[in-house]
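Hi,

Here is the structure I promised to pass on. Have a look first, and then read my notes on the charged pairs below.

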There are 2 protein chains.
Amino acid sequence: MTQSDTSNRRIVLAERPQGLPDDNTLRLEQTDIPTAGAGEMLLRTVYLSLDPYMRGRMSDAKSYAEPVKLGEVMTGQVVAQVVTSDVKGFAEGDYVLSGSGWQDYAVSNGDQVLNLGADPANPSWALGIMGMPGYTAYAGLLKIGEPKAGETVVVAAASGPVGATVGQIAKLKGCRVVGIAGGAEKCAHVVDNLGFDACIDHKADDFAAQLKDACPDGIDVYFENVGGKVLYGVLPLLNPFARMPVCGMVAWYNLPGLPDGPDMGPVIMGTILRMKVKVQGFIIFDSFGPETYKEFAAEMTGWLADGKVKYKEQVVDGLENAPAALNDLLEGRSFGKMVVKV
Amino acid sequence: MTQSDTSNRRIVLAERPQGLPDDNTLRLEQTDIPTAGAGEMLLRTVYLSLDPYMRGRMSDAKSYAEPVKLGEVMTGQVVAQVVTSDVKGFAEGDYVLSGSGWQDYAVSNGDQVLNLGADPANPSWALGIMGMPGYTAYAGLLKIGEPKAGETVVVAAASGPVGATVGQIAKLKGCRVVGIAGGAEKCAHVVDNLGFDACIDHKADDFAAQLKDACPDGIDVYFENVGGKVLYGVLPLLNPFARMPVCGMVAWYNLPGLPDGPDMGPVIMGTILRMKVKVQGFIIFDSFGPETYKEFAAEMTGWLADGKVKYKEQVVDGLENAPAALNDLLEGRSFGKMVVKV
């Protein structure tokens with residue numbers, strides 16, 4: 001069942017998962033194509049972004065955003081093309097960035113939809129390096145992490161869209177950059193193609209010892225997006241006045257309950273105290289305003305044009321393959337920014 | 001054995017404690033009075049300050065300060081009087097603030113010694129409201145906590161010298177202030193004498209529920225100085241963009257090892273992420289410079305003179321009683337800033 005001109009496929013949340021999403025979590029449905037009325041436009045999805053935060057929206061635990069309701073289309077950012085438009089500023093054929101979710105078609109009045117123009121060079125990049133993940137990396141690292149030349153910056157999920165960008169920006173700022181990724185292939189990419197100083201495989205038995213060896217002067221900035229054993233390996237290496245921007249904890253997203261003990265609370269809080277660490281959580285569009293976004297867009301456009309920042313995508317073909325691809329992402333089997341070509 | 005003109009009593013670290021210090025941890029010794037040479041002065045201790053950080057200095061775990069060596073005099077701030085002086089700016093009879101430690105007499109060249117004058121109104125206050133605890137409360141709350149009028153501020157150890165000051169300053173800034181203390185007497189003092197809006201007894205079985213009831217609008221600033229179950233009761237109540245200055249965790253200082261599970265790491269880090277919390281550890285004289293100290297000294301002097309900030313001391317008589325008094329402090333049995341009249 002591929003995208004068609006006569007019906008709409010959509011993937012809805014069928015039940016809330018315990019742990020990793022399974023076959024019962026999401027359900028593919030077929031409906032009529034919705035009709036755009038006066039002042040509305042019809043959008044046809046081209047690319048759907050897959051991101052770790054989606055696991056959070058499947059849960060009804062207290063969080064920073066409303067959970068997806070049961071039976072509702074899974075939330076997600078897409079790049080779409082305008083099919084018909086009665087909205088000022090949007091013409092047939094324009095590419096747009098929209099929150100249409102996991103489906104082929106959606107109707108919009110243009111609210112919170114960004115027009116990318118009729119012929120963007122890389123339309124899918126609006127979901128990655130020029131969009132939420134790139135902006136998260138930029139603002140989290142520079143505004144909270146405040147890296148200084150000569151300092152050591154550590155980032156996990158280093159081959160992912162956020163981690164790869166964090167590390168490349170930190171290199172541009174003159175830092176020693178150590179990535180953490182899963183497996184030799186990803187680590188080689190991070191060092192050879194992205195220019196990190198080192199990359200440690202978190203699957204290694206002696207991960208903590210390798211990390212220590214790679215950070216002979218300790219760690220000044222840890223960009224936290226995974227939690228778990230990576231966090232616990234980083235804590236003993238933090239330097240006085242270290243900074244830790246926190247934008248995710250993918251290692252802990254699929255927990256059905258709290259992990260067994262011991263309770264690491266005293267280690268986390270004790271390190272924060274003794275080392276005078278600043279730990280700050282952020283949700284990119286809540287925590288930073290339009291001025292920061294403009295600064296990011298201008299600077300990142302320049303870095304990409306100059307080849308100073310490189311960007312890797314993994315394109316999955318077909319909306320029907322999105323659920324399995326999301327699990328690959330949550331379990332560390334993706335490589336680069338994951339988008340679904342719908 | 002009381003303070004004498006002919007010999008020096010000193011209390012040294014005899015062995016590193018596991019858990020709470022016991023009879024073997026500290027040892028009272030008698031030595032000759034040291035001799036002040038050229039360019040030096042002899043100081044005679046009047047008041048010794050007892051503070052929670054002292055437990056940390058007994059351990060050789062990696063920390064923000066060097067541990068006390070075995071056989072060495074226990075570290076501590078004192079108010080002393082000058083006996084003889086060959087140091088410019090210090091005359092016989094002057095009161096001084098000095099790091100002489102747990103002993104009757106010490107020799108100093110004047111380095112890092114503050115002259116309080118010949119007749120200070122309240123010499124011991126230099127160890128409390130006008131010294132390290134008062135400054136910790138002031139800078140941690142205002143510079144990291146950044147409380148705004150109408151916000152809710154929570155502070156534990158609310159009858160202690162730091163917590164009591166935090167709460168009173170937060171009231172001056174127009175906040176709703178909820179204290180946490182151990183027992184009905186301390187809680188009554190905090191509300192009736194210090195003017196907090198509420199105070200919860202952390203020994204109550206339904207502590208977390210009481211805390212929630214006392215914070216109907218959530219918590220915007222949590223001044224963290226205890227850790228443990230108080231921290232875990234606070235986390236679910238934190239509002240978006242809450243701030244958490246961290247200056248201590250007395251509930252966890254005497255741990256012989258990590259507490260049993262579950263591991264609360266995902267709860268701590270998850271709250272920081274979802275609620276976009278800023279958690280920042282600080283060590284007062286490392287984290288803030290002389291400008292902040294001047295601002296504190298001027299503002300606090302005014303508040304005390306105007307009766308806007310109240311201060312409570314618990315004076316213990318005799319150096320020989322200091323070890324037992326420190327344990328009272330560590331176990332929450334002190335009431336007000338604890339000083340030993342040597």
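A quick definition to start: a salt bridge is a side-chain nitrogen of Lys or Arg within 4 Å of a carboxyl oxygen of Asp or Glu. Keep in mind that this is a predicted model. Over all chains, the structure holds 32 salt bridges.

Take E320(B) and R9(B): they form one of these, with their closest N and O atoms 3.1 Å apart. E320(B) sits in the loop between β14 (313-317) and α10 (322-330) of chain B, while R9(B) is in strand β1 of chain B, so the pair ties together parts that are 311 residues apart in sequence. R9(B) is buried, at a relative accessible area of 1%, whereas E320(B) is partly exposed at 37%.

In chain A, R9(A), D104(A) and E320(A) are linked in a network of salt bridges.

Back in chain B, D51(B) pairs with K337(B), and here the closest N and O atoms are 2.8 Å apart. D51(B) lies in the loop between β3 and α1 (53-57) and K337(B) in strand β15 (residues 337-341), so this bridge joins parts that are 286 residues apart in sequence. Are these two buried or exposed? Both D51(B) and K337(B) are buried.

One more for your list: R44(B) and D5(B) meet in a salt bridge at 2.6 Å, N to O. R44(B) belongs to strand β3 (residues 41-49) and D5(B) to the segment before β1 (8-13), 39 residues apart. D5(B) counts as exposed, with 59% relative accessibility, and R44(B) is partly exposed at 25%.

Cheers

Methods:
Residues numbered from 1 in each chain as written. Chains lettered and ligands numbered in written order. Predicted model: local features only at pLDDT ≥ 70, side-chain atom pairs only at ≥ 80, totals over all residues. Heavy atoms only, no water. Helix = DSSP H or I, 4+ residues; strand = E, 2+ residues; numbered from the N terminus. Buried < 20%, exposed > 50% of the residue type's maximum accessible area, 1.4 Å probe, protein only.
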